[in-house]
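Hi everyone, thanks for making time.

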Amino acid sequence: MEPLQLKQAFKEIFDTEPMLVKSPGRINIIGEHTDYNGGLVMPAAINKAVYVAISKREDSKIHLFSESYQEKYIGNINDVKKSDKAWANYILGVVDGFLKRNLSVAGFNLYIYGDVPLGAGLSSSAAIECATAFALAQLNELSVASMDLALIAQKAEHEFAGVNCGIMDQFASVFGKENYAMMLDCRSLAHEYIPLKLDGYKLVLLNTNVKHSLSDSAYNDRRAQCEQGVAWVKAYHPAVEFLRDVSEEMLLTHVQPKNNETYTKCSFVVAEIERVKKAAKALKEGDLKALGHLMFETHEGLSKAYEVSCKELDFLVDQVKGLDDVLGARMMGGGFGGCTINIVKDEAIEGLIETVSKAYQEQFGLSLSAYVVQTGNGSQTIEPTGIVSTLQHSNF
């Protein structure tokens, strides 16, 4: 859907002119499961986004419409609460976050559409939250720092979607910059833009189209294991707050003797944080081969040590490992499904997708989805049309 079509669809429902805003989905080049451990990540915004059309109302009502689900939701700014519609909760959680910060928000109409594939690990939820936060700030002429928009969006995910995520997804959606990845310190929130020059190569996402039910429980288990490891180290090193503060030597001394599995999980995270630093150095030096090698290392760790991969993800990485036209590949995201991210030579992309898709279909009886993605900019107004403050006559 083009912006003009979105604008027209909004007008057909709400009978007024909207403001248009978009926030991108994201990839993560490297740095998996490090965010909630106070570590480093390297996300980049992509050229797939969530689009929001919004206008003010003169009453206190909230009228929402989802293009994807063809559903409406009606609520009230004075009584914001969770809905039984999951898609609406991402929006309502952001509204709640504004109100809890004593930021004045008027009633509004909102139409949401996105081309970020759902369930692919590209953070469509963060894109919804950040598009909503950016739109509400613009609509109500509120001076809210970009970092605060990301934090409001993150809290919406925690409190209304029930996912205790780190800050990476929302940060990337707000702060993304075309042709750059970002090395984000999840403890201090300091960040550095890292040039992402892929001359002759592109980022290709291969979507398993599976999401195993283990994902939520395993995520919580991993967090608990990391926190346990930190607690054991902290007993001897009081300054330690996160695995970010822990060395391999500390783990060998204070964690491995108590529980080898907890040690293995913590050791992966400590090593992964170091890989992000090495990846940043490789990109600054234009060494894509070194970056690719680090990505393969990360997948091996996620699969064997952290144990958040699955047979489908492992199969896709194994299919491209050793190919001259593929510099690196790994599973991306929380695990147990979603996408692999691959650095593939331009002229080899079409043939690779065809070959791997066929092999995947034969192995699992499943279709593979593929996306060639480029970096993009963060939250932005597409077509500012001013603030609409006349009484609405919506169709619902």
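This is a predicted model: local features need pLDDT of at least 70, side-chain atom pairs count only at pLDDT 80 or more; totals for chains, interfaces and linings use all residues.

Okay, let's begin with strand 11, which covers residues 337–345. How many of its nine residues are buried? Eight of them are, so to speak, under cover, and the strand is mostly covered.

Now, who sits beside it? On the one hand there's strand 9, residues 201–211, joined to strand 11 by eight bridges, with the two running antiparallel. If you want a spot to look at in that pairing, find asparagine 207: its bridge partner in strand 11 is cysteine 339.

Then there's strand 10, residues 326–331, which also runs antiparallel to strand 11, and here five bridges do the joining. In this pairing, alanine 329 stands opposite asparagine 342 of strand 11. Strands 10 and 11 form a hairpin, and five residues lie between them. Look in the turn for glycine 333, which has a positive phi of about 105°.

Let's go back to cysteine 339, which lies in strand 11. Is that residue buried or exposed? With a relative accessibility of 0%, cysteine 339 counts as buried. Cysteine 186 is buried too, at a relative accessible area of 13%.

So what about disulfides? The structure has zero of them. For cysteine 339 we can say why: the closest cysteine sulfur belongs to cysteine 310 and is 11 Å away, which is too far for a bond. To make a disulfide, the two sulfur atoms would have to be within 2.5 Å.

One last thing on cysteine 339: leucine 252 is 87 residues away along the chain, and the C-alpha atoms of the two are separated by 33 Å.

Now for the helices. Helix 8 is residues 260–284 and helix 9 is residues 288–305; their axes come within 9 Å and cross at roughly 170°. An angle over 145 degrees counts as roughly antiparallel, and therefore that's how helix 8 and helix 9 are arranged. Which residues make the contact? From helix 8, they include Phe268, Glu272 and Arg275, and from helix 9, they include Leu291, Leu294 and Glu297. By class, this contact has 10 nonpolar, three polar and five charged residues.

That's my tour, and I'm happy to go back to any part of it.

Technical notes: Residues are numbered from 1 along each chain as its sequence is written. Side-chain values use heavy atoms; hydrogens and water are left out. Axes are lines fitted to C-alpha atoms, for helices over the stretch in contact, and angles run from 0 to 180 degrees between N-to-C directions. Helices (H or I, at least four residues) and strands (E, at least two) are DSSP runs, numbered from the N terminus. Angles under 35 degrees count as roughly parallel, over 145 as roughly antiparallel, 65 to 115 as roughly perpendicular and the rest as oblique. Contact means heavy atoms within 4.5 Å. Ala, Val, Leu, Ile, Met, Phe, Trp, Tyr, Cys and Pro count as nonpolar, Asp, Glu, Lys and Arg as charged, and the others, Gly among them, as polar. Buried means under 20% relative accessible area, exposed over 50%, partly exposed in between (1.4 Å probe, protein chains only). Two strands pair if DSSP finds at least two bridges between them.
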